[in-house]
Amino acid sequence: MRIVVLVKEAPDTYGERFLDLETGLADRNKSDRVLDEIVERALEYAISYAEKHEGTEVVALSMATEDATASVRKALAMGADRAVLISDGALVGADVTLTAEVLAAALTHIGYDLVIAGDQSTDGAGGVVPAALSELLDIPQITKLTTIELDDKAVSGTRVIDRVTLKLRAELPAIVSVTERFPDARFPNFKGIMAAKKKPFEVLSVADLGADIDVLAKPRAIMTEISAKPPRAAGVKIVDEGDAGNQLAEFLKKNQLV
Amino acid sequence: MTDNILVLLDSTPDGQLSKSVPGLLGAATGLGNPIALIVGAGEHADALSAAAAAAGATKVLLADGDNTIYSTPTVDALQAAAALVQPAAVLAAHSDQSKEVVARFAVRTGAAVNYDAIDVTRDAKGIIASHSAYGGAFVVTSAVTFAAPVITVRQGVVEARGTAQPVVAEKLAVTPSGRKSAAIESIDVADAPTSLRPELRGATKVVSGGRGLGTAEKFVLVEQLADALGAAVGASRAAVDAGFVPQTFQVGQTGVQVSPQLYVALGISGAIQHKAGMQTAKTIIAINKDETAPIFEIADFGVVGDVFTVVPQLIAALEASGK
Ligand SMILES: Cc1cc2nc3c(=O)[nH]c(=O)nc-3n(C[C@H](O)[C@H](O)[C@H](O)COP(=O)(O)OP(=O)(O)OC[C@H]3O[C@@H](n4cnc5c(N)ncnc54)[C@H](O)[C@@H]3O)c2cc1C
Ligand SMILES: Nc1ncnc2c1ncn2[C@@H]1O[C@H](COP(=O)(O)O)[C@@H](O)[C@H]1O
């Protein structure tokens, strides 16, 4: 079985993140760039499955600029068998539907039994790419899962949305997305990091995918304006000396918050 | 002639329109003539149509749902509705129910998506969506290069409301697309919460608790303060991970993003991912034992202290003043 994990690089959420006020794109130079935490959890699931089921290949697929190589290589160090990075100048600033078109073409090029994605990315936070892929590839989607059961023929899982719990099941090939209820990812060890250097790492352009993707032929979402909000300033800070609760009550009353 | 705006409405398991609906129809009213689509209303069709009309829908299209096939029937219904009304925009909530449906509709019909809008307006050039990026640090507006945009709207943020309309409901004929879909093997609906506490999404006051509450039992303190203030209850991811409350309570980057008048953080350190979900609150109050906790950097009123002594005193003071 071949599992393709969709891995995305994102600005490290532990630091301040910036948008370039000229281009509206993520300002790569100002933030650390890492594999998004949720795709590490997706990878963790795929790699642990492969460890228990011989004959499973795990491929990490990403669409990003070439400087995402280091992040994608981490997927190999964690235990993915090979990586494919789709990188193309024509894709800078790609919106959701263009991203999905390119990833769909790449998935068709690679071949897959199961595609695993994160439920939503921390930078875009759209949470819609996996569903768009199911439509483009005409494969079933089971998304936002809190648990997965997988065998050679089918995948099933639980989706909990507010008060509703769904048990979903799909024949393979299918696409699933996982939530942060999945276990934390392993840290790559030294052996993994060394092994990653020898694993196949392909960087492909849109033309290499042999797909007919015309960026301008379809409507695309574009940013029209962008502005930074002034950062919030700290207000009063008191140390409790036995009456902080009363002082808080006063503050709330004074500000008409009760 | 006014443009038609097609609005996909979410409903709850007990046959009510979702809380996102009034804002969605309000946003749509600002753009044109709001026509609602409700899928799978079943026996609740009349009540839901009436509620949609009351919230501003000039027409309600009703399509059958299917409790055995996941997602695809709603995408097919949206496609049929769009073919019928030829909308100038398609609006839906940025909810787990709807955002995937409209994304599939968009790639199926070749439309572009502006997602997670906090406001939708129209200027001379067309329809524009505003977004709050990176937890409110940036405000971005977006549009589409041509054709009708598909826009998802963050739940509970749009203040505009539509005007009540006479009920005009119509059954929508849908041809199933036959796209490969997951099967729904079971649906379990938990009982509606019995408390009268407001819902977190869109709440005007929120009291959240973090790992500092220690245990699920002691987390009750958060609920007590919330009830004293008439606030919704939220939590940090650490509190969710520790099992104090279900995931639906999580505030932050990967949880619910709130913009209340008042946000009270109890025993929460203020990790950047938590702030991303609450830093646009009007007034922020934080109580934390650790004077270096980052939450104090954005708090309007910070108390360095123990939640288990400060909060009971606060509740007592609020009760004493009759609140
Ligand atoms: C990709 C990603 C996404 C994330 N998304 C989210 C998200 O959506 N929401 C979120 O919240 N987090 C999120 N996190 C996690 C985040 O980084 C923090 O781990 C989390 O917010 C910490 O929760 P906490 O403040 O409750 O716990 P801690 O950081 O452990 O803080 C507990 C605080 O309680 C204080 N305390 C302890 N006892 C008391 C007492 N008796 N009285 C007063 N204070 C006390 C301590 O001083 C401490 O500051 C995300 C992380 C990543 C990597
Ligand atoms: N450019 C990309 N490259 C690889 N995977 C992606 C990309 N964009 C989105 N994904 C996948 O889709 C998931 C949801 O992303 P989003 O819809 O952007 O919130 C992510 O967690 C990834 O698994």
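Mentor: Chain A holds six helices and 13 strands (DSSP runs of H or I with at least four residues, and of E with at least two, numbered from the N terminus). This is a predicted model, in which local features need pLDDT of at least 70 and side-chain atom pairs count only at pLDDT 80 or more, while totals for chains, interfaces and linings use all residues. Residues are numbered from 1 along each chain as its sequence is written, chains are lettered from A and ligands numbered from 1 in the order in which they are written, and side-chain values use heavy atoms, without hydrogens and water.

The C-alpha atoms of chain A fill a box of roughly 65 × 40 × 40 Å along the principal axes. Of its 258 residues, 52% are buried (under 20% relative accessible area, with a 1.4 Å probe and protein chains only).

The part to examine is B:T141, which lies in strand β8 of chain B, residues 138-144. B:T141 counts as buried because its relative accessibility is 15%. Its side chain makes a polar contact of 2.6 Å with that of A:T224 (N or O atoms within 3.5 Å, one able to donate a hydrogen and the other to accept it).

Notes: Buried < 20%, exposed > 50% of the residue type's maximum accessible area, 1.4 Å probe, protein only.
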